[in-house]
Amino acid sequence: MLTVVVGAGRSLLGSLSNNLLGAVKTTHEVIPRLHYNSIFSQQQRTFIQMRTNLKVVDNSGAKRVMCIQALKGRRGARLGDTIIASVKEAQPRGKVKKGEVVYGVVVRAAMQRGRCDGSEIKFDDNAVVIVNKQGEPIGTRVFGPVPHELRKKKHLKILTLAEHIA
Amino acid sequence: MRLEKCWFCSSTIYPGHGIQFVRNDAKIFRFCRSKCHKNFKMKRNPRKLKWTKAYRRLHGKDMTQDSTFELERKRNRPERYDRNVTESTLKAIKKIDKIRVAREARHHAMRMKGKKAIEQQAAAKELEQSIHLVKAPAALQEDPSLTLPKMKIKVSQSQTEDRMEE
């Protein structure tokens, strides 16, 4: 009887230690691999929400802008949406100054957006064009590529100023 | 609707598949599936990966220059719709496809031409040198051509008795 109990206990212990060892081994194996993968492929791109820094790609004078409200969308703004933003960095002589609250249209987003033909498009960075309340751009030039989605959102002025439509 | 080519593996991207990535210099990269996309993000060179068309063309595994590729070249001017032209184009596509497949098969056959002779030679050499690895005494006895020249070894009586006991 005693021997049986001891035997059972040992086997339990053995299995426990095996499991621990197994778990430890797997974590050791997985950690370096995950680390390598996460740099390149596991970066999850999400919406443009409060506190998101965006690049300004027109000549309105601002350089960087921080989103304070996404006008449409519970989770945040996407490609082609309008946002309210606060100017964080501006060029010395420009139409907008630092600390101003402005409206902006997102023209480039790192998060992919689905198109009606089923494909998806994404850009390299998050960029915005500063716009007035009516939707007309304040600046006179737009830099970099802009997506087709602006046409549907009726931001035709930005499209005409763009140098490349993706 | 336009059938694009994947930037990485050069396969066709049908509508509804894949992701387009637009870089800030307005260069568009189209990928047919996430495998190609992830490899691109890892900054791998398609010319070094054996499964891509770029590698195969570079290393002469697939046809590079052929007149059948002229049809697939990208034309940026839209053609005015003409029923006769459309009909003849459709017929031509089928015919050119058949010709291209035939030429690719011929290219492959040319590439594999000397293979059988090399295989035969290797097999003959292996037969000469390594027949001792294949111990089939019955076969060795039957066909003297399969064996190395026989050498007579004297077996003492005591050895055979030991074997019997075991």
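**Exercise 1. The interface of chain A and chain B**

How many residue pairs are in polar contact across the interface of chain A and chain B?

*Solution.* Keep in mind that this is a predicted model. Across this interface, nine residue pairs are in polar contact, both partners having pLDDT 80 or more. Next, look at which element of chain A takes part: strand β6 (residues 120-123) contributes the most to the side that touches chain B, namely four residues. Finally, check for salt bridges between chain A and chain B: the count is zero.

**Exercise 2. The extent of the interface**

Find how many residues of each chain are in contact, and what area is buried between chain A and chain B.

*Solution.* Begin with the residues: 18 from chain A are in contact with 16 from chain B. Now turn to the area. The size of an interface is often given as the accessible area lost when the parts come together. For chain A and chain B, about 1500 Å² is buried, and carbon and sulfur atoms give 56% of that area.

**Exercise 3. Two cysteines**

Is Cys67(A) buried or exposed, and is Cys116(A) buried or exposed?

*Solution.* Start with Cys67(A): its relative accessibility is 0%. Buried means under 20%, so Cys67(A) counts as buried. Go on to Cys116(A), where the relative accessible area is 88%. Exposed means over 50%, so Cys116(A) is exposed. As a last step, consider disulfides. A disulfide is a covalent bond between the sulfur atoms of two cysteines. A search of the whole structure, over all chains, finds zero of them.

**Exercise 4. The setting of Glu149(A)**

Which helix holds Glu149(A), and which residues is Glu149(A) in contact with, leaving aside neighbours within four places in sequence?

*Solution.* First, locate the residue: Glu149(A) lies in helix α2 (residues 149-152) of chain A. Second, judge its accessibility: at 13% relative accessible area, Glu149(A) is buried, because buried means under 20%. Third, list the partners: apart from neighbours within four places in sequence, Glu149(A) is in contact with Leu79(A), Arg113(A), Gly114(A), Arg115(A) and Ile121(A).

**Exercise 5. The layout of chain B**

How many helices and strands are there in chain B, and what pattern do they follow along the sequence?

*Solution.* Count the elements: chain B has four strands and six helices. Then read along the sequence, which gives β-β-β-β-α-α-α-α-α-α.

Terms used: Residues numbered from 1 in each chain as written. Chains lettered and ligands numbered in written order. Predicted model: local features only at pLDDT ≥ 70, side-chain atom pairs only at ≥ 80, totals over all residues. Heavy atoms only, no water. Disulfide = S-S within 2.5 Å. Buried < 20%, exposed > 50% of the residue type's maximum accessible area, 1.4 Å probe, protein only. Contact = heavy atoms within 4.5 Å. Buried area = accessible area lost by both parts, 1.4 Å probe. Salt bridge = Lys/Arg side-chain N within 4 Å of Asp/Glu carboxyl O. Polar contact = N/O pair within 3.5 Å; in protein donor to acceptor, adjacent residues only side chain to side chain. Helix = DSSP H or I, 4+ residues; strand = E, 2+ residues; numbered from the N terminus.
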